[in-house]
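Work through the following exercises with the sequence and the coordinates at hand. Each task is followed by a solution in steps.

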Amino acid sequence: MISFMLAFALTALALVAHFTYLVEMNHRIGRSMEELHALQDEGKHLKLEMASLQSPERLEKVALEMGLKYPGQEQMVILTAVATGN
Amino acid sequence: MKRNTVASTTVRRRLIFLFGCAVLAVFALTLRLFWIQVVIAGDLRAKAWDQLMRRERVIAPRGDIFDRSGRLLAGSASSVSVLAYPAQITDKEEAARLLAPILALDEAVLLERLSRRTGGVYLRRKISEEAALEIRKLELAGIRFTLEPKRYYPHNNLASQLIGFMGLDDGRSGLEYKYEQELRGRDGLITFESDGLGRQIPQGVQNYTPPLDGNDLFLTIDRNIQFIVEQEMERTMLELQPKGINVIALDPRSGEVLAIAGTPSFNPNNFADYPEKNWRLSPITDTFEPGSTFKLVTLAAAIEEGQFRANEGFYCAGSTVVAGRIIGCWTRSRGGHGAIDFTEVVLGSCNPGFITLGQRITAPKLLQYIEAFGFGQRSGIDAIGEGVGILFTPEQLGPVEAATTTFGQGISVTPLQQVMAVAAMANGGYLMRPYVVREIRDSQGAIVRKNEPQVVRRVVSGETAREVTRIMELVVTEGSGINAFIEGYRLAGKTGTAQKIGADGRYIAGEYILSFIGFAPAEDPQVLIYIAVDAPQVGVQWGSLVAAPMFKQMMERILAYLDIPPAGNTENVPPKMVNVPDLVGLTVDEASALLDTAGLRIRFIGSGGEILNQTPKAGAKVPLHTQILIHLGGAGTQSEVLVPALTGKTMREAGEILGWLGLRMNGSGSGMAVSQDPEPQSLVPKDTIINVKFVTPGEREEER
């Protein structure tokens, strides 16, 4: 009789623990989803920032500030490739 | 002793009474239970449902817009919208006062919204990061933030007229407007059980319809080519101050638009700061009289009809008479071209010559060709606002009208129509349908729709197209297009200087549209560019001196960028050398003519009617097509120099020019010169340091 009651109590405890675990997991999923959305949005912002940093207008400005110059006509050499058969 | 007992019958009666009450109570409770659980159960469940369930729109992310190489041109990301819950705001006046400057709204407007009897009210949607931060710092009760997607344009003005812009919720202009359906996607819906704070109850009932993400647009535009084009346009706007410039760069084989822009333009990130007329894609909406670039149409028609012979002689007296009206040639003031052949008619852009060609073709036939080349109709480009232009109807086409039509006056066309017509000559005779959207893909990258090159019709034969190209090449190597010449490449081109029509229908004196249309490489055309500059306020008004050099600058960089190699082996051929003529003391016109014949190019420094100085000096031996810098101005001794105007010049050019004049430069910033000290035209000793301030076009726009 006692052992039966013990088993019953233990099973009940296990079930409750299990459900508690499930609820906790669900909460975590909810928070992770929110975090995911926030990160995805941040990713979007970063892509936009990257595009703007790579914009030719900015690159030219930075290059000129760094002292780079446009090549003169004399500096450009045209190479012609010769096919070697096959 | 007597016992005090209660009579047993009384006790029993009381007990029965109590029992009766108990039974009644239980019965009442059971009834009530039955009432709640069964009778009004449905209602209660519905009410609970209402209270529990929340329905929210799941906003579909808007599709992005990319250039042909997948570079982002327009994208969406979250931004903050400000909400107020009036019930929670105690001091509404104070809140309105504090928020008004940050939100850029009237205090009264804010107060009205804060005083409403609704649960929540938007104060301002999609504000900037800085503004959001400032409001957060205030820590006002009852002010909440929510995130909403906002459209960002990371390249600011680049291709802004084509891409368009979004209002708060939908596209208002350009491709954002035209492709609203594809870009928007479809919002989803989520219904879920929520707790008191509005959070979703896990494992509660929920219903989820996922959103359909918007589709992405991949354009035919190349961001770098667009940049090259727009940068050159900006420079010319600064230097010559025209009313506007239109440019289209196209692949003539397929009809794909590589770059398209009109200045003045705008920044789509704050479109409201610019006048509405800057928003439209002027290269496709604007109509104008094209002038000499239209002569190519007459030429092609004449060749196709067998009425053009390159070596046939022609005499231009400076004007000709058609149906009693005198129509002049631009060489009128010097007595006409004289005795030339029909090739020189094209190279020298002789109006009487073209009138003759038109008469040989006959007016109705000419009109047929013009329509076949796509004039008077929409080209069918997938952008909004395309203009149609105006042609003479067959009934209106008298001899005078036909005559002016041959040289592009008296009809109105759009830059796009002009481009597609010449593209037909570049690609072997086919009129193509231009397009700007290459592909539409879904958010996973799968192709939803793809645009392929489309032939509208064949206009002329392959031989005719080749012959036109051959003559256009000569225009660049020997004719008015000489300033477009690029070392090592075969180019085909045509200049144009068209009179402008005023609002009263008469030609405006002294105002012209200077244009150049050309493609390269001539032996295998891959890029076609058309430039039209509207009435520059500074400098001479000739297509050969304004538009042709712009074409050269653009095409040079584009060919290098596209890795298109020069034709043939130019290394072993020594460049042809010519003597630099003496120009000092001549007028600008005389100098231009002399240099044209010598095969040299001009660049002016400073302003004035007389030539003070030239570099290289007279008698120097230089390669063909070298640019001669001509110094215009007043008097000055040898040890003193007139400071040149450097506005619009790049740092490299400014340094070069000053160096040649014996001056030194102290430059600050980068981009194009906007101010200098000492001022232009001041007389300074040699070796003086000129301070020049440079700004990039973006900065300059903000200063306005």
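**Exercise 1.** In which sense do strand 25 of chain B and strand 28 (residues 627–632) of chain B pair, and over how many bridges?

Solution. The model is predicted: local features need pLDDT of at least 70, side-chain atom pairs count only at pLDDT 80 or more, and totals for chains, interfaces and linings use all residues. Residues are numbered from 1 along each chain as its sequence is written, while chains are lettered from A and ligands numbered from 1 in the order in which they are written.

Step 1. Strands (E, at least two residues) and helices (H or I, at least four) are DSSP runs, numbered from the N terminus. Two strands pair if DSSP finds at least two bridges between them.

Step 2. Strand 25 of chain B and strand 28 of chain B pair in the parallel sense, over 5 bridges. B:I605 stands opposite B:H631 in strand 28 of chain B.

Step 3. The open sheet has 3 strands of chain B in the order 25-28-26, with mixed pairing. Strand 25 (601–605) and strand 26 (611–615) of chain B are at the edges with a single partner strand each, so one side of each has no neighbour in the sheet. From one strand to the next, the twist averages 30 degrees.

**Exercise 2.** Describe how helix 3 (residues 92–103) of chain B packs against helix 4 (residues 107–114) of chain B.

Solution. Step 1. The angle is about 135 degrees and the axes are 9 Å apart. Axes are lines fitted to C-alpha atoms, for helices over the stretch in contact, and angles run from 0 to 180 degrees between N-to-C directions.

Step 2. Angles under 35 degrees count as roughly parallel, over 145 as roughly antiparallel, 65 to 115 as roughly perpendicular and the rest as oblique. Helix 3 of chain B and helix 4 of chain B are therefore oblique to each other.

Step 3. Residues are in contact if their C-beta atoms, placed from the backbone, lie within 7 Å. From helix 3 of chain B, B:K92, B:E93, B:A95, B:A96, B:R97, B:L99 and B:A100 meet B:E107, B:L110, B:L111 and B:L114 of helix 4 of chain B.

**Exercise 3.** Which orientation does helix 3 of chain B have relative to helix 5 of chain B?

Solution. Step 1. Helix 3 of chain B and helix 5 (residues 129–138) of chain B pack at about 165 degrees, with axes 10 Å apart. That makes helix 3 of chain B roughly antiparallel to helix 5 of chain B.

Step 2. Contact is made by B:L98, B:L99, B:I102 and B:L103 of helix 3 of chain B and by B:A131, B:E134, B:I135 and B:L138 of helix 5 of chain B.

**Exercise 4.** Is B:V456 buried, exposed or partly exposed?

Solution. Step 1. A residue is buried if 20 or more other C-beta atoms, placed from the backbone, lie within 10 Å of its own C-beta, exposed if 12 or fewer, and partly exposed in between.

Step 2. B:V456 has 19 other C-beta atoms within 10 Å, so B:V456 is partly exposed.

Step 3. B:V456 is found in strand 20 (residues 455–458) of chain B. Leaving aside neighbours within four places in sequence, B:V456 is in contact with B:G374, B:L431, B:M432 and B:R433. The C-alpha atoms of B:V456 and B:G380 are separated by 9.6 Å, and these residues are 76 residues apart along the chain.

Methods
Contact = placed C-beta atoms within 7 Å.
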